[in-house]
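Hi everyone, thanks for coming.

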Amino acid sequence: MMKHHSLIFLTGFSGSGKSTIGPLLANSLGFEFVDLDKAIELDAGKSINRIFAEDGEAGFRAMELRSLEALCARNDLVVSLGGGVLENDRCLSIIRSHGTLVYLKSSPEILAMRLQHKTDRPLLKADDGRRLTREEILARITAMLEKREPRYLKSDLVVVTDSKKIGSSVEELTRKIERHIRKSARNINKEK
């Protein structure tokens with residue numbers, strides 16, 4: 001396995017800015033942007049909500065792994081990962097060995113505010129399918145983030161997206177990625 005500095009993976013909870021910042025970052029780096037969830041929907045021929053309803057979370061996670069492996073064969077990509085992809089040990093290992101992992105970090109309160117009117121997030125619905133209240137969303141996000149954040153923190157870089165303008169986040173991220181890539185390249189050269 002060869003680590004590609006031209007593969008940038010964005011992780012973080014749903015609502016952290018991956019799909020907003022990702023295309024702008026890709027443009028800044030001269031890369032292509034791919035949303036992993038959209039790639040899965042395209043491959044499956046159905047929406048994420050429908051995949052969850054028909055195939056369950058386990059079926060979705062298997063599709064996620066296959067799509068991720070296919071993307072790792074490419075170069076010059078910024079990939080927005082689904083919020084739970086790092087829960088799979090194999091996915092985390094593939095990502096860390098093939099590219100640079102970036103955690104877009106947001107507080108549960110900001111995430112709840114950003115997600116309260118979204119209807120396309122299956123993990124933020126009640127078991128009976130009804131929309132959760134803002135308080136229920138905050139409680140669910142807090143619990144899920146507590147479980148997921150140790151994985152998110154295994155990222156190569158962390159950028160807090162709570163109160164920054166999108167342009168500032170993209171500029172900061174571009175600088176951090178370029179520094180990280182230069183540092184990694186120096187370390188590889190020292191090992192030779």
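Predicted model: local features only at pLDDT ≥ 70, side-chain atom pairs only at ≥ 80, totals over all residues.

I'll start with the strands, then go to the helices, the salt bridges and a couple of loop residues.

Okay, strands. Find β4, residues 100-105. This strand is mostly covered, with five of its six residues buried. Who are its neighbours? On one hand there's β1, residues 7-11, which runs parallel to β4 and is joined to it by four bridges. On the other hand there's β5, residues 157-160, which also pairs with β4 in the parallel sense, over four bridges.

You can follow this pairing residue by residue. Threonine 11 sits in β1, and its bridge partner in β4 is tyrosine 103. Now hop on from tyrosine 103: its bridge partner in β5 is valine 158.

Is threonine 11 buried or exposed? Its relative accessible area is 0%, and buried means anything under 20%, so it counts as buried. And what is threonine 11 in contact with, once you leave aside its neighbours within four places in sequence? Quite a list: Lys18, Leu81, Leu86, Leu101, Val102, Tyr103, Leu104, Tyr152 and Ser155.

Tyr152 on that list brings us to helix α6, residues 134-152. In α6, the buried residues are Ile137, Ile141, Met144, Leu145, Arg148, Glu149 and Tyr152. What covers them? Where is it? The kink is at glutamate 146, it's about 40°, and it comes shortly before proline 150.

Next, a helix pair: α2, residues 36-44, and α3. For anyone new to this, two packed helices are described by the angle between their axes and the distance between the axes. Here the axes come within 9 Å and cross at roughly 110°. The range from 65 to 115 degrees counts as roughly perpendicular, so α2 and α3 are roughly perpendicular to each other. On the α2 side, the contact is made by Leu36, Asp37, Ala39, Ile40, Glu41, Asp43 and Ala44. On the α3 side, you've got Ile48, Ile51, Phe60, Met63, Glu64, Ser67, Leu68 and Leu71.

Now salt bridges. How many are there? The count comes to 15, and I'll show you a few.

Take arginine 74 and glutamate 32, whose side chains meet at 2.8 Å, N to O. Arginine 74 is in the loop between α3 and β3, while glutamate 32 is in strand β2, so this pair ties together parts that are 42 residues apart in sequence. Both ends are partly exposed: arginine 74 has a relative accessible area of 32%, and glutamate 32 is at 42%.

Compare that with glutamate 54 and arginine 50, which meet at 2.7 Å, N to O. These two are four residues apart in helix α3, so about one helical turn separates them. Again they're partly exposed, with glutamate 54 at 45% relative accessible area and arginine 50 at 42%.

One more pair: glutamate 136 and arginine 130 form a salt bridge at 2.9 Å, N to O. Glutamate 136 is partly exposed at 29%, and arginine 130 is partly exposed at 37%. There's a network to point out as well: Lys46, Arg50, Glu54 and Asp55 are joined into one by salt bridges that share partners.

Last stop, the loops. In the loop between α3 and β3 you'll find aspartate 76. What is its phi? It's near 55°, a positive value in a residue other than glycine. Aspartate 76 is partly exposed, with a relative accessible area of 37%.

Then there's histidine 117, in the loop between α5 and α6. Histidine 117 has a relative accessible area of 62%; the cut-off for exposed is over 50%, so histidine 117 is exposed.

Technical notes
Residues numbered from 1 in each chain as written. Heavy atoms only, no water. Bend = angle between axes of the 7 residues up to and from the residue. Buried < 20%, exposed > 50% of the residue type's maximum accessible area, 1.4 Å probe, protein only. Contact = heavy atoms within 4.5 Å. Pairing = 2+ DSSP bridges. Salt bridge = Lys/Arg side-chain N within 4 Å of Asp/Glu carboxyl O. Axes fitted to C-alpha atoms, helices over the stretch in contact; angles between N-to-C directions. Parallel < 35°, antiparallel > 145°, perpendicular 65-115°, else oblique.
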